[in-house]
Amino acid sequence: GKNGWADEVGQEYNRDICARRLLAPPDAMLERVRRIGVPDRFIVGAGSDWFHIDTDNGTTTKGTPQDTDGSWARIFLEGSELAAAYIERLRTVAPVHIESMPGNHDRLTSIMLMTWLAERYRGAQDVTVTVATHPRKYLEIGATLVGITHGDETKDEKLPGLMALEAPEAWGRTKHRLWFTGHMHSAITYEVMGVRIIHVPSLAGSDRWHTRNGYVASRKALAANVIDHDEGLIADLPVSARDG
């Protein structure tokens, strides 16, 4: 639902471009994943500002006005179908698990998306959906403990401590610990207290606010991170945005 006019932001961005950017990279990403091996499953953090607005007045959850391409209803309905189209691409290769990751732009609408996806895939053997409102989620993948959060309200340096506090049993069973966050829309990886924190990139284009504040340099990309059952994170496979 984000809107950018080329004369103001340097490059056009709208719902159609958003859809093409999302549905073009998975084929290249999936081919790169296949070279490593067919995964046990894909884990998708859903929400995380998937929707640009959260109200009928065209604002974020906290009421900040946004440049939008379409009304809230149109953005929600088309965005939900787009999420399903992406999941359909992934499930041709391996089962898909969808984990709730509410963002600061769409904290309420992303919960609606999760309930929509849960109903759409009710009874599916290869697609599971977790509908939960807690801002931080934890998944144990072999020897790795994975934390998922949007990242807008909790500083990175607090994440290792929160992981140990909120998932103590899984912390004790694992030897690798990862956090994935999406708020910054740029690819950044570093360690805090032995925990690797990964800010994933975004495919989203720019609007007036991002352009005027100079937030235009980050690579627009979709990333797949491969986690080995024993060795932890073994690959980061970003695919750049394609508007064609």
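How many salt bridges are there by this rule, in which a side-chain nitrogen of Lys or Arg lies within 4 Å of a carboxyl oxygen of Asp or Glu? The count comes to 13 salt bridges.

The model is predicted, so local features need pLDDT of at least 70 and side-chain atom pairs count only at pLDDT 80 or more, while totals for chains, interfaces and linings use all residues. Residues are numbered from 1 along each chain as its sequence is written, and side-chain values use heavy atoms, with hydrogens and water left out.

**View 1. Salt bridges of arginine 15.**
Arginine 15 meets aspartate 69 in a salt bridge with an N to O distance of 3.3 Å. Arginine 15 belongs to helix 2 (residues 15-23), and aspartate 69 to the loop between strand 1 and helix 4, so that the pair links distant parts of the chain, 54 residues apart. Helices (H or I, at least four residues) and strands (E, at least two) are DSSP runs, numbered from the N terminus. Arginine 15 is buried at 15% relative accessibility, and aspartate 69 is buried at 18%. Here buried means under 20% relative accessible area, exposed means over 50%, and partly exposed is in between (1.4 Å probe, protein chains only). Arginine 15 also forms a salt bridge with glutamate 78, with the closest N and O atoms 2.8 Å apart. This second pair links helix 2 to helix 4, across 63 residues of the chain. Glutamate 78 is partly exposed, at 34% relative accessibility.

**View 2. Arginine 91 and aspartate 126.**
The side chains of arginine 91 and aspartate 126 form a salt bridge of 2.6 Å, N to O. Arginine 91 is partly exposed at 25% relative accessible area, as is aspartate 126 at 23%. Elsewhere, salt bridges with shared partners join Arg15, Asp69, Arg74 and Glu78 into one network.

Three strands form an open sheet in the order 1-2-3, with parallel pairing. Strand 1 (42-47) and strand 3 (127-130) are the edges, each with a single partner strand, so one side of each has no neighbour in the sheet. On average, neighbouring strands of this sheet are turned by 25° against each other, direction ignored; the axes are lines fitted to C-alpha atoms, for helices over the stretch in contact, and angles run from 0 to 180 degrees between N-to-C directions. Strand 1 pairs with strand 2 (residues 96-101) in the parallel sense over six bridges, where pairing requires that DSSP finds at least two bridges between two strands. Glycine 45 stands opposite glutamate 99 in strand 2.

**View 3. The largest nonpolar core.**
The largest nonpolar core has 34 residues, and those with the most contacts inside it are Met29, Phe42, Tyr86, Ile87, Leu90, Val96 and Ile98. Such a core is a set of buried Ala, Val, Leu, Ile, Met, Phe, Trp, Tyr and Cys residues joined through side-chain atoms within 4.5 Å. The elements giving two or more residues to this core include helix 3 (25-36), helix 4 (72-91), helix 5 (109-120), strand 9 (221-228) and strand 10 (232-240). Helix 4 gives the most, with eight residues.

Most residues other than glycine have a negative phi. Serine 48 has a positive phi near 50°, and aspartate 49 has a positive phi of about 65°. Serine 48 is in the loop between strand 1 and helix 4, and aspartate 49 is placed in the loop between strand 1 and helix 4 too. Serine 48 is buried, with a relative accessible area of 16%, and aspartate 49 is buried at 16%. Glycine 103, in the loop between strand 2 and helix 5, is buried with a relative accessible area of 0%. The C-alpha atoms of glycine 103 and glycine 182 are separated by 8.4 Å, although the residues are 79 apart along the chain.

**View 4. The hairpin of strand 7 and strand 8.**
Strand 7 and strand 8 (residues 195-199) run antiparallel and are joined by five bridges. Isoleucine 188 has histidine 199 in strand 8 as its bridge partner. The hairpin has two residues between the strands, and methionine 193 takes a positive phi near 55° in it.
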